[in-house]
Amino acid sequence: MNHKEVANRVAKALGEDNLVAAAHCATRLRLVVKDTAKIDQVALDDDPDLKGTFEANGQYQIIVGPGDVNTVYKELVAITGVGEVSKDELKEVAGKETNPVMKLIKVLSDIFVPLIPALVAGGLLMALNNVLTGAGLFGPQSVVEMYPGIKGFAEIVNLMASAPFAFLPILIGFSATKRFGGNPYLGAAAGMMLVMPSLVNGYGVAEALASHKMPYWDVFGFKIAQAGYQGQVLPVIGVAWILATLEKFFHKHLKNAIDFTFTPMLAVIITGFVTFAIVGPVLRAVSNGMTDGLVWLVNTLGGFGYGIFGGVYSAIVLTGLHQSFPAIETTLLADIAKTGGDFIFPIAAAANVAQGAATFAIFFLTKNDKQKALASSSAFSAMLGITEPAMFGVNLKLKFPFFIALGSAGIASAFMGFLGVRGASLGPAGVIGFIAIKAGSHMMFMVGILISFVLAFVVTYIYGKNRMAVPANAETQDTTAQDINTVQEHAGISDEELVAPVAGAAIQLSETKDPVFSSGLMGNGIAIEPTVGKIYAPADGTLTVTNNSKHAYGLLTNKGAEVLLHIGIDTVQMDGDGFETSVNQGQVVKKGDLLGTFDIQKIKDRGYEATVMVIVTNTTSFAQVQGIDNQDVVVGQTIIGTTAPTGENA
């Protein structure tokens, strides 16, 4: 690789005066640019010396590869004149350059993505419960009414389906506190105190306030409502931020045993009082004001109001404020002769179906097996009314499917609004929602749902076909099936077995949470969730890469494999804290030699994954690079086998 030429091509593709700041890690350039629209993406995709690009955390990242990225970075800095910055400084610059809305979406996505399995399970079980208990779906009676013998089964399904949502504040408290840099177990404890049985259930708070039956604590003459937060999202995220901020403050100012003993108590007690006294009441007022505004919008603007509401409904779901809508719907349904029925239900159904359809489109577009599996399950869940997995797991991460779905839902909702489609009861807000629609409007409801689905799917697919196109040089290499005659020649390549550099649980690269590794852009290999913080050489060879952050090593084996050992995901941000190295670049090592150590708990406490990636970065030089299936491994156990092209071993 001619590093200066590569840097020149990168600088040209980025656009004149478009680069704001630059840094690098072991494998990629990490850049902040003024406008990604000015980047010549085709030029970067077609560059034979680059392995791919992607955006994350407000940074535009270009994958160069271990051993080359350092030199390309130095040349790029010299060419563009942009100042060198640390990873922390780059993160700060990226935060300033990132659109505030996108920053909020990124935070919400980081919080909810780990919760997706629980939400998917609960959503699908809830859909099953709706099928079993919904009247009019298969006849005039529900399935449980027609077959009373399955009533007990349906009740157990309903219990299991409700659990993740009834105790959602606990799950969010854990995940959000971790995202904000605090102790996630304290976050879970904070979530628990918000759903204590002694509080008025969150779903009954509005009624308790209206009927003046809300109990209050008297704290030094200050009245604090004993209100719970079941089903809430935004207040819990606020609680997690306050808790994490306080915890970090006390960790900084208290020392040793005092810190260990008193920081958790002080963080929790202050957070608790602030939550019940200020945060909860304020956000409840915000929710009520938003609700009143929605009623005015639809009553005043009719079909146009439907369209506006439909266009923002999924965005409201992000905040959790939609949890207040059942109170409005119940009021609308209680006096249906006067109100005409529930206008929220058909809008919610159109919005949910649009998010599901956009996710279905991603299922057909993506080349990533993990993303494809997630898209299929979460899209199905969204079509039946539970959209969080689809939105947080797929659509928001890619951004464009989410916004396309918003527009599609707005158009479909406007269609139903002009035709007076309203709900006659509460029900599943999805494709089977027709069972809750007023008589005479079923056909128009289904047409509206069809409009929402078709628009979201088609537009997402067409737009995403170009945006998500993977260039030939960046696709995941399926070396098992590739034609040996097309394999690049590489002098010195021969069959080899690489052994586990760490002990732990081996997983597929596609299961990791870094798109560079999970997509196979860097090459084939495996990942290991380590149980011991020591890393050893997986083969005899020469170290080609070590770095100041001590989280990555490059090894050229004696049999021609270029191996990247990468400790953790985004651990470059730790700047070596928690890592120690025993070797230097250029050093010759033997299989099993200790390369360094790392503190697994410190990595996790800082909010990062400790997963160790073992990747053959010159995968295309081999006929096959095959890793083991998921299993526990010990240091020295064979985990990857490389097969040389025909004739190389002769």
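Predicted model: local features only at pLDDT ≥ 70, side-chain atom pairs only at ≥ 80, totals over all residues.
Residues are numbered from 1 along each chain as its sequence is written. Local features need pLDDT of at least 70, side-chain atom pairs count only at pLDDT 80 or more, and totals for chains, interfaces and linings use all residues, while side-chain values use heavy atoms, leaving out hydrogens and water.

Reader: How many residues of strand β4 are buried?
Author: Strands are DSSP runs of E, at least two residues, numbered from the N terminus. Buried means under 20% relative accessible area (1.4 Å probe, protein chains only). Strand β4 covers residues 59-63 and is largely enclosed by the rest of the structure. The buried count is five of the five.

Reader: Which residues of β4 point the other way from Gln59, Gln61 and Ile63?
Author: In a regular strand the side chains alternate between the two faces of the sheet. Here, the residues on the other side from Gln59, Gln61 and Ile63 are Tyr60 and Ile62.

Reader: Which residue stands opposite Ile63 in β4?
Author: Two strands pair if DSSP finds at least two bridges between them. Strand β2 (residues 28-33) pairs with β4 in the antiparallel sense, over four bridges. Opposite Ile63 stands Arg28.

Reader: How far apart are the end C-alpha atoms of helix α9?
Author: A helix is a DSSP run of H or I, at least four residues. Its expected span is 1.5 Å times one less than its number of residues. For the twelve residues of α9 (residues 168-179), that should be 16 Å. The end C-alpha atoms agree, at 16 Å.

Reader: Is Thr617 buried or exposed?
Author: Thr617 is found in the loop between β17 (609-616) and β18 (624-627). Its relative accessible area is 14%, so Thr617 is buried.

Technical notes
Buried < 20%, exposed > 50% of the residue type's maximum accessible area, 1.4 Å probe, protein only.
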